[in-house]
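Reader: Hi! Could you walk me through this structure before I set anything up?
Author: Happy to, let's have a look together.

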Amino acid sequence: MTAHEIDYRIYGEEMQYVEIELDPQEGVIAEAGSFMMMDDGIKMETIFGDGSGKDAGFLGKILGAGKRILTGESLFMTAFYNTLVGKRNVSFASPYPGKIIPIDLTQFGGKFICQKDAFLCAAKGVSVGVEFSKKLGRGLFGGEGFIMQKLEGDGMAFVHAGGTMAKKELLAGETLRVDTGCIVGFDQTVNYDIEFIGGIKNTVFGGEGLFFAKLEGPGTVYIQSLPFSRLAGRVLTSAAQTGGKSRGEGSILGGLGDLLDGDNRF
């Protein structure tokens, strides 16, 4: 497997996008909905699976597409090719506030494991597959389920972390306990398991769930401070409590405060 050698540049701070520079005939694959803009001369093509060629033949493509359904992704991916002589650029945007992380798969032994919704785009030739957990506990209580994505190959891939990203380099035998939803991805050498928090008060009144992830080194781990599920949960809870109306944040007058400060747009 030899992926296309792409150059890139990441722009922005909280709402980032990555610009991929393609030489003639070079390509990049991306999840549906991540495209932002492209230069003239870029050809866009919808492909079945990830187009890496790992699942050769029609049956292999069907199986590969079926695995993508298990991760909650679309049957199809989008490929972008430079069809002209000079260099051309195509850009992909992060879906919510956070950081885009460039992953050079050659530095991770050709394989990187990430949450199923973290993948953004990758060089053509990188395989986007499914990583199944071999442990029952991890599958039942892992928060995001026992299905994660695996990125394989020798090219560049890009994943997205919500909020602020933390990179941890774990030594052999060193452990890190993390909220299950806060994991972005990790090295294939990292051992990932689920651990019960324990204690009646923690279980009943803790509010942090019953389990957290235990990551054991050696290897690299990427952690996000704002999982999308947490952000969406807060928004939905707030909307349900207020009925979609403003609560007059920061004012003891509530909605009356909006009348006084001139915020009468809604």
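Author: One cut-off before we start: a residue is called exposed when its relative accessible area is over 50%, and buried when that value is under 20%. Also, this is a predicted model.

Reader: Thanks! So is glutamate 13 buried or exposed?
Author: Glutamate 13 has 51% relative accessibility, and exposed means over 50%, so this residue counts as exposed.

Reader: And which side chain does glutamate 13 meet in a salt bridge?
Author: That would be lysine 99, with an N to O distance of 3.8 Å. The two are 86 residues apart: glutamate 13 sits in the loop between strands S1 and S2, while lysine 99 belongs to strand S8. Lysine 99 is partly exposed, at 25% relative accessible area.

Reader: How many salt bridges does the structure hold?
Author: Five. Another one brings together lysine 87 and glutamate 21, also at 3.8 Å from N to O. Here the partners are 66 residues apart, with lysine 87 in the loop between strands S6 and S7 and glutamate 21 in strand S2. Lysine 87 is partly exposed at 46%, and glutamate 21 is partly exposed at 27%.

Reader: What about lysine 111, buried or exposed?
Author: Lysine 111 is buried, because its relative accessible area is 17% and the cut-off for buried is under 20%. Its side chain meets glutamate 131 in a salt bridge of 3.1 Å, N to O. That pair connects strand S9, where lysine 111 lies, with strand S11, which holds glutamate 131. As for shared partners, salt bridges join Glu21, Asp23 and Lys87 into one network.

Reader: Nice. Since you mention S11, how many of its residues are buried?
Author: Five of the six, in a strand that covers residues 127–132. S11 runs antiparallel to strand S12, and six bridges join them. Within that pairing, valine 130 has glutamine 149 as its bridge partner.

Reader: Switching topic: in what order do S15, S17 and S18 form their sheet?
Author: The order is S15-S18-S17, in an open antiparallel sheet. S15 and S17 are the edge strands, each pairing on one side only. From one strand to the next, the twist averages 30 degrees. Four bridges pair S15 with S18, and arginine 177 stands opposite lysine 214 in S18.

Reader: Last one: which residues form the nonpolar patch on the surface?
Author: Phe35, Met36, Met37, Met38 and Met44, with about 440 Å² of accessible area together. Strand S4 supplies the largest share, four residues. Methionine 36, which lies in S4, is partly exposed at 37%.

Definitions and conventions:
Residues numbered from 1 in each chain as written. Predicted model: local features only at pLDDT ≥ 70, side-chain atom pairs only at ≥ 80, totals over all residues. Heavy atoms only, no water. Buried < 20%, exposed > 50% of the residue type's maximum accessible area, 1.4 Å probe, protein only. Pairing = 2+ DSSP bridges. Axes fitted to C-alpha atoms, helices over the stretch in contact; angles between N-to-C directions. Patch = residues over 30% accessible without salt bridge, like charges linked within 9 Å, V, L, I, M, F, W, Y side chains within 5 Å. Areas by Shrake-Rupley, 256 points an atom, 1.4 Å probe, with all protein chains shown as cover. Salt bridge = Lys/Arg side-chain N within 4 Å of Asp/Glu carboxyl O.
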